[in-house]
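Please read the points below alongside the sequence and the coordinates. They are arranged from the whole chain down to single residues.

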Amino acid sequence: MTVRLAVAGAFHTHFMQPAVEKLREALAGTKVVTPRIPVISNVDAEPHSDPEVIKDILARQVTSPVLWEATMKTLLEKGLENSYEIGPNKVIAGIFKRIDKKHNIQNVQV
């Protein structure tokens, strides 16, 4: 299934390539520590703990498609039990229910 999203820019496309090198430069001067919990990247839907790999994936994320469904499935496989959607609507909860109807996802109004 695909859903056309109204977005403010050409994020996650090759049109963002000029921003990648600037981000890489900024990340080169940024200390990233090994996380206590692996980061599940939406670039490859895999867990990562190496700070240099995380920096690389953050830069790649700018021009890479978002593997949202695969990322959510990885989280479920890794034992995700509860999720929270923060905001006025339940868009994410609705999409997530298509992946796993039994998953507990709560909307938090702010």
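The numbered points that follow take up the overall fold, the helix packing, the strands and a few individual residues.

1. Basis of the note. This is a predicted model, in which local features need pLDDT of at least 70 and side-chain atom pairs count only at pLDDT 80 or more, whereas totals for chains, interfaces and linings use all residues. Residues are numbered from 1 along each chain as its sequence is written, and side-chain values use heavy atoms, with hydrogens and water left out.

2. Overall fold. The protein chain holds four helices and four strands, where helices (H or I, at least four residues) and strands (E, at least two) are DSSP runs numbered from the N terminus. In sequence order these elements follow the pattern α-β-β-α-α-β-α-β. The C-alpha atoms fill a box of roughly 40 × 35 × 30 Å along the principal axes. Of the 110 residues, 22% count as buried, the term being used for a relative accessible area under 20%, with exposed meaning over 50% and partly exposed in between (1.4 Å probe, protein chains only). Among contacts (heavy atoms within 4.5 Å) between residues at least 6 apart in sequence, 44% join residues at least 24 apart.

3. Helices α1 and α2. Two packed helices are described by the angle between their axes and the distance between the axes. Helix α1 (residues 17-28) packs against helix α2 (residues 51-61) at an angle of about 155 degrees, with the axes 9 Å apart; axes here are lines fitted to C-alpha atoms, for helices over the stretch in contact, and angles run from 0 to 180 degrees between N-to-C directions. The two helices are therefore roughly antiparallel, on a scale where angles under 35 degrees count as roughly parallel, over 145 as roughly antiparallel, 65 to 115 as roughly perpendicular and the rest as oblique. Their crossing is right-handed, a term for the near helix being turned clockwise from the far one by less than a right angle, with anticlockwise giving left-handed.

4. Residues between α1 and α2. On the α1 side, Val 20, Leu 23, Arg 24, Leu 27 and Ala 28 meet Lys 55, Asp 56, Leu 58, Ala 59 and Arg 60 of α2. The residues of this contact divide into six nonpolar, no polar and four charged, counting Ala, Val, Leu, Ile, Met, Phe, Trp, Tyr, Cys and Pro as nonpolar, Asp, Glu, Lys and Arg as charged, and the others, Gly among them, as polar.

5. Helices α3 and α4. Helix α3 (residues 68-77) and helix α4 (residues 91-99) pack at about 70 degrees, with an axis separation of 11 Å, which means that α3 is roughly perpendicular to α4. This crossing is right-handed. The contact is made by Trp 68, Glu 69, Met 72, Lys 73 and Leu 76 of α3 together with Ile 92, Ile 95, Phe 96 and Ile 99 of α4, and its residues comprise seven nonpolar, no polar and two charged.

6. Backbone points to check. Which residues have a positive phi although they are not glycines? His 12 has a phi of about 65 degrees, lies in the segment before α1 and is partly exposed at 29% relative accessibility. Ala 45 has a phi of about 60 degrees; Ala 45 is found in the loop between β1 (39-40) and β2 (47-48) and is buried, with a relative accessible area of 4%.

7. Ser 64, in the loop between α2 and α3, is buried at 14% relative accessible area and, leaving aside neighbours within four places in sequence, is in contact with His 12 and Val 43. Phe 11, in the segment before α1, is partly exposed at 47% and touches Met 16 and Val 62, not counting residues up to four places away in sequence. Phe 11 and Pro 65 are 54 residues apart in sequence, with their C-alpha atoms 8.8 Å apart in space.
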